[in-house]
Amino acid sequence: MEPIGASEPMELVFEPGLLKGKVKRAEESPGDCEVSLHVKMLDAAAREAVLAYLQEDPQALYRLLAGKGAPWLDELAPSPLPGAALAAAADCTCGQSACGHAAALLAAAASHIAAEPLQQLTLLGLPREAVLAGVFAAWAKAAPPASGSAAETATRAKEKGPSGPSPGEWVAEAAAEGRLHRPGPQLGELAVQLSPPPPADQLGPVGDWTSLLPGVRGASKALGLIARGAAKQAEQKRRSLRLP
């Protein structure tokens, strides 16, 4: 049966095991038809296979979250929308069995899934929240324990909170939100070699900062004092750092 209203915008709702949509009726019957279709979800083994694949391939997770192609789904989690045979099982408010509204719903859903493969997993029982929770939990469990003294470990836990993100969690979230270029929570753990500053009496304000304080007497001298004080504190901090 030809789909009805396939060219019209359609309101789609993807839920685990359930696809719903509103389809325009024919011109002689104005109004919308509400169509719902139950689909079979993944079993526990198939769910674990999908999560294991994403745990081993962060790029695949990024592409999935970004709405890019996911050809691996055809093998691990094939689409639950095979076509006309499934339309006969749909429920439609028009009261007809295997109606064109159901065919229109399937056609629109297939097009939407092609653009957002994550919705395919949602129908199969793995919505975005479940995917991220499963992958993040595995990454957090596999992350090595923090090195250093007990005091350092306690300080880090206090700083990032009792449920702070692991490196894997941060990377996946950053990729999904397009902020991989920003520093991560472990930026402070990078080793930086600091060289001693020049003698304090040789330090002065860099550039013509006095132009920012027109009419202020002694501005140059005050800026010099600030620069030398900051340099002294930086040197004290440098000497207090312990090399690994």
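**Figure 1. A close-up of Gln 119, a buried residue of the predicted model.** With a relative accessible area of 19%, Gln 119 falls under the 20% limit and so counts as buried in this predicted model. The residue belongs to helix H6, which covers residues 118-123. Look around its side chain and you will meet Phe 14, His 112 and Ile 113, once residues up to four places away in sequence are set aside.

**Figure 2. The whole protein, for orientation.** The protein is built from 10 helices and four strands. Starting at the N terminus, the order of elements is β-β-β-α-α-α-α-β-α-α-α-α-α-α. Of the 244 residues in the protein, 30% are buried. Taking contacts between residues at least 6 apart in sequence, 63% of them join residues at least 24 apart. The exposed surface comes to about 15900 Å², and 56% of it is supplied by carbon and sulfur atoms.

Figure 3. Pro 117 sits in the loop between helix H5 (100-115) and H6. Gly 67 is 50 residues away along the chain, yet the C-alpha atoms of Pro 117 and Gly 67 are 6.2 Å apart. Beyond its neighbours within four places in sequence, Pro 117 contacts Leu 64, Gly 67, Lys 68, Ala 70 and Leu 73.

**Figure 4. Leu 18 in strand E2.** Leu 18 is found in strand E2, which spans residues 18-24. Its relative accessible area is 14%, and Leu 18 is buried. Which residues surround Leu 18, leaving aside its neighbours within four places in sequence? Leu 18 is in contact with Val 13, Leu 123 and a run made up of Ser 36, Leu 37, His 38 and Val 39.

**Figure 5. Glu 34 in strand E3.** Strand E3 (residues 32-38) holds Glu 34. Here the relative accessibility is 43%, and Glu 34 counts as partly exposed. Between the C-alpha atoms of Glu 34 and Lys 22 the distance is 4.6 Å, with 12 residues separating the pair along the chain. Apart from neighbours within four places in sequence, Glu 34 is in contact with Gly 21 and Lys 22, and also with Asp 91, Cys 92 and Thr 93.

**Figure 6. Helices H1 and H7 packed together.** The axes of helix H1 (residues 44-56) and H7 lie 9 Å apart and meet at an angle of about 60°. That angle makes H1 oblique to H7. The crossing of H1 past H7 is right-handed. H1 contributes Leu 51, Leu 54 and Gln 55 to the contact, while H7 brings Ala 130, Val 131, Gly 134, Val 135, Ala 138 and Trp 139.

**Figure 7. Helices H2 and H7 packed together.** Helix H2 (residues 58-65) and H7 cross at roughly 160°, and their axes come within 12 Å. H2 and H7 are therefore roughly antiparallel to each other. This time the crossing is left-handed, with H2 passing H7. On the H2 side the contact is made by Pro 58, Leu 61 and Leu 65; on the H7 side, by Arg 128, Val 131, Leu 132, Val 135 and Trp 139.

**Figure 8. Where H1 meets H2.** How far apart are the axes of H1 and H2? The axes are 5 Å apart, and the helices pack at an angle of about 110°. H1 is thus roughly perpendicular to H2. From H1, the residues Tyr 53, Leu 54, Gln 55 and Glu 56 meet Pro 58, Ala 60, Leu 61 and Leu 64 in H2.

**Figure 9. An aromatic pair within helix H7.** Searching the whole structure turns up two aromatic pairs. In the pair formed by Phe 136 and Trp 139, the ring centres are 6.1 Å apart and the planes stand at 35°, so the pair is tilted. Both residues lie in helix H7 (residues 128-142), three residues apart, about one turn of the helix. Phe 136 and Trp 139 are both buried.

Methods. Residues are numbered from 1 along each chain as its sequence is written. This is a predicted model: local features need pLDDT of at least 70, side-chain atom pairs count only at pLDDT 80 or more; totals for chains, interfaces and linings use all residues. Side-chain values use heavy atoms; hydrogens and water are left out. Helices (H or I, at least four residues) and strands (E, at least two) are DSSP runs, numbered from the N terminus. Buried means under 20% relative accessible area, exposed over 50%, partly exposed in between (1.4 Å probe, protein chains only). Contact means heavy atoms within 4.5 Å. Accessible areas come from the Shrake-Rupley method with a 1.4 Å probe; for residues, only the protein chains shown count as cover. Rings of Phe, Tyr and Trp (its six-membered ring) pair if their centres lie within 6.5 Å; planes under 30 degrees apart count as stacked, over 60 as edge-to-face and the rest as tilted. Axes are lines fitted to C-alpha atoms, for helices over the stretch in contact, and angles run from 0 to 180 degrees between N-to-C directions. Angles under 35 degrees count as roughly parallel, over 145 as roughly antiparallel, 65 to 115 as roughly perpendicular and the rest as oblique. A crossing is left-handed if the near helix is turned anticlockwise from the far one by less than a right angle, and right-handed if clockwise.
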